[in-house]
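Please open the model in your viewer and keep the selection tool at hand.

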Amino acid sequence: MKDKLIIANWKMNGGVVANSKLLIAILKLKKALINSEIVICPPHIYMHQVKEYIVGSRIKLGTQNVNANKSGAYTGEISVGMLKDFNCDYALVGHSERRTLFNETDKDLANKILLLVQGGIIPVLCIGESLAQRENGEANSTIIKQLEAVINIVGYKCFKSVVIAYEPIWAIGTGKTASIAQAQAMHKAIREYLTRLDGKLFRRTSVLYGGSVSEKNASDLIKQKDIDGFLVGGASLMADSFEAVCSCSAGIKV
Ligand code: PEP
């Protein structure tokens with residue numbers, strides 16, 4: 001048994017004043033924190049602000065992105081070393097918005113994962129199929145290919161430290177969620193794939209669900225055998241909805 005992992009992805013939202021209010025409210029979420037590890041991924045420019053609020057609490061700091069190189073002439077980018085300066089614990093890698101809008105390749109993602117693991121930051125690899133892929137019956141093969149592409153480069157030993165977030169692209173920010181059965185089936189497929197690779201090595205790998213998670217679906221989703229937590233976008237931007245999502249699963253161990 002382990003604690004649930006609930007990651008808030010603020011995306012490109014927020015501001016100094018709004019963040020303060022949200023963070024003060026999140027720090028009061030005693031019930032929501034039972035058996036949960038909560039991680040906040042703000043835009044980089046607000047990491048310092050978030051860090052100042054959460055210091056001494058059980059809430060962890062994450063990042064939405066990191067560069068695939070150690071250092072150098074990469075204007076506007078942020079390195080693993082810089083994230084470590086801020087005690088960042090988690091890093092999203094390969095969110096579908098980054099894959100699509102910023103053309104991130106599997107090789108980029110693998111390089112990021114290698115650097116993150118070396119630097120002691122936990123990568124959260126996002127995978128998920130498009131609507132067309134699901135409608136063509138390619139949902140399973142798509143996500144397995146995404147996993148394989150990265151594992152083939154980083155190797156099992158490194159991948160052992162990775163958290164996986166299954167996020168059907170058609171459910172991100174759309175208000176459409178995978179049905180409970182669809183989500184559990186995809187998580188089971190991921191778990192079975194990892195077990196076939198090395199059951200012992202990947203026994204404790206956390207597999208999160210993301211895609212319009214809200215207070216309406218969180219309690220049913222978290223009860224599924226293979227769902228270990230959530231990656232939450234929209235519902236993490238308001239204290240009430242984030243509290244509701246976190247509280248749905250308070251007390252449940254996964
Ligand atoms: C996300 O940002 O990864 C996400 C799942 O967003 P939303 O919860 O808004 O669908």
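Begin by selecting Cys 41, which counts as buried because its relative accessibility is 0%; buried means under 20% relative accessible area, exposed over 50%, and partly exposed in between, with a 1.4 Å probe and protein chains only. The model is a predicted one, in which local features need pLDDT of at least 70 and side-chain atom pairs count only at pLDDT 80 or more, while totals for chains, interfaces and linings use all residues. Residues are numbered from 1 along each chain as its sequence is written, and side-chain values use heavy atoms, with hydrogens and water left out.

**Cysteines**

How many disulfides does a search of the whole structure find? The search finds zero, a disulfide being a pair of cysteine sulfur atoms within 2.5 Å. Cys 41 is in no disulfide, and the nearest cysteine sulfur, that of Cys 88, is 7.3 Å away. Next, select Cys 248 and Cys 246: the sulfur of Cys 248 has its closest cysteine sulfur in Cys 246, at 8.8 Å, which is too far for a bond. Cys 248 counts as partly exposed, at 22% relative accessibility.

**The nonpolar cores**

In soluble globular proteins, nonpolar side chains tend to be buried together. A nonpolar core is a set of buried Ala, Val, Leu, Ile, Met, Phe, Trp, Tyr and Cys residues joined through side-chain atoms within 4.5 Å. Select Leu 125, Leu 147, Phe 159, Ile 190, Tyr 209 and Phe 230, which touch the most other members of the largest core, a set of 64 residues. Helix 7 (residues 139-154) gives the most to this core, with seven residues; helices (H or I, at least four residues) and strands (E, at least two) are DSSP runs, numbered from the N terminus.

Now centre the view on Leu 147. Its contacts (heavy atoms within 4.5 Å) are Leu 125, Ile 127, Phe 159, Ile 164, Ile 190 and Tyr 193, not counting residues up to four places away in sequence. Another core, of 12 residues, lies apart from the largest one; Ile 7, Leu 92, Val 124 and Leu 231 are among its members.

On a 1 Å grid over the protein atoms alone, a cavity is a set of points where a 1.4 Å probe fits but cannot get out, and a pocket is an open set with protein on both sides within 12 Å along at least five of seven lines; lining residues have an atom within 4 Å of a point. The structure holds one cavity of 30 Å³ or more.

His 95 is buried, with a relative accessible area of 5%. It touches Asn 9, Lys 11, Cys 126, Glu 167 and Ile 172, not counting residues up to four places away in sequence.

Select Lys 11, in the loop between strand 1 (4-9) and helix 1 (16-27). Its phi is near 50°, a positive value in a residue other than glycine.

Finally, select Met 12, Gln 64, Asn 65, Arg 98 and Phe 102, which lie nearest the centre of the largest pocket, among 19 lining residues. Helix 4 gives the most to this lining, with three residues.

Key. Grid points are joined across faces, edges and corners, and a volume is the space filled by probe spheres set on the points.
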